[in-house]
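Work through the exercises below with the sequence and the model at hand. Each task is followed by a solution in steps.

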Amino acid sequence: RHRILSPGRLPIPPSRQVIIIYTKLRIISSMLIYFYKKIYYNFFIMLKNYLWIFFISMLPLIELRGAIPVSQALQMPIVSSYLVSIVGNMLPVPIIYLFARRFLLWGQDKKVIGKICTFFVVKGESAGEKLQSKAGKGLFIALMLFVAIPLPGTGAWTGTLAASFLNIKFKDTIIAVILGVLIAGLIMMAGSLGLFSAIFAVAGK
């Protein structure tokens, strides 16, 4: 039996069918590549950037106050960058309180690490003396503000080391430092968003 074709409808030649199938496959592959770049590729780029600011926030003397501006230079979401920086900044704090003082005092007279250990011992003792002289019995508030105000020589590392030299309780130290880090993060976040510049501009008018 012969198939009856509708008027004006002709069978598609095999060569043309191959071309159509090839074109469709190219369209599908192009869509897959597009979604890969948009979703998976961007995901790994963002993951790399988050790890980058996480490790920056762990560094002594740089901490969160350096990590948040870097996150904005990388055009990352400000809130999630703030949270990642907080976690990275706080991660070394218990280790610093429990072990740093002992290690630094032990390493002061060692040939290779003596200078750097002495540097941090002096920094910790100096920060502790400043806190004690200014705060008296209000060491908790003083420690929190010391960590919170993003100035050279302050921060979670120095504040925790100072607290260990002053024998402030571990629980009090952790709470004061985390509150200080949260405030410092808010200050840096506001600065990164340009809020201070806007305020000064309005005040100048």
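**Exercise 1.** In this predicted model, determine how many of the ten residues of helix α7 are buried, and list them.

*Solution.* Step 1: apply the cut-off, under 20% relative accessible area for a buried residue. Step 2: count; nine of the ten residues of α7 pass, so the helix is mostly covered. Step 3: list them. They are Ala-156, Thr-158, Gly-159, Thr-160, Leu-161, Ala-162, Ala-163, Ser-164 and Phe-165. Step 4: look past the end of the helix, where Asn-167 follows with a positive phi, near 60 degrees.

**Exercise 2.** Describe how helix α4 packs against helix α7.

*Solution.* Step 1: two packed helices are described by the angle between their axes and the distance between the axes. Step 2: for α4 (residues 93-107) and α7 (residues 156-165), the angle is about 65 degrees and the axes are 9 Å apart. Step 3: assign the hand; the crossing of α4 with α7 is right-handed. Step 4: find the residues that meet. α4 contributes Val-93, Ile-96, Tyr-97, Ala-100, Arg-101, Leu-104 and Leu-105, and α7 contributes Ala-156, Trp-157, Thr-160, Leu-161, Ala-163, Ser-164 and Phe-165. Step 5: sort them by type, which gives eleven nonpolar, two polar and one charged.

**Exercise 3.** Is Tyr-97 buried or exposed, and what does Tyr-97 contact beyond its sequence neighbours?

*Solution.* Step 1: Tyr-97 lies in α4. Step 2: its relative accessible area is 16%, so Tyr-97 counts as buried. Step 3: set aside neighbours within four places in sequence; Tyr-97 then contacts Thr-160, Ala-163, Ser-164, Ile-168, Lys-169, Phe-170 and Thr-173. Tyr-97 and Ile-174 are 77 residues apart in sequence, yet their C-alpha atoms are 8.9 Å apart.

Terms used: Residues numbered from 1 in each chain as written. Predicted model: local features only at pLDDT ≥ 70, side-chain atom pairs only at ≥ 80, totals over all residues. Heavy atoms only, no water. Axes fitted to C-alpha atoms, helices over the stretch in contact; angles between N-to-C directions. Helix = DSSP H or I, 4+ residues; strand = E, 2+ residues; numbered from the N terminus. Left-handed = near helix turned anticlockwise from the far one by under 90°. Contact = heavy atoms within 4.5 Å. Nonpolar A, V, L, I, M, F, W, Y, C, P; charged D, E, K, R; others polar. Buried < 20%, exposed > 50% of the residue type's maximum accessible area, 1.4 Å probe, protein only.
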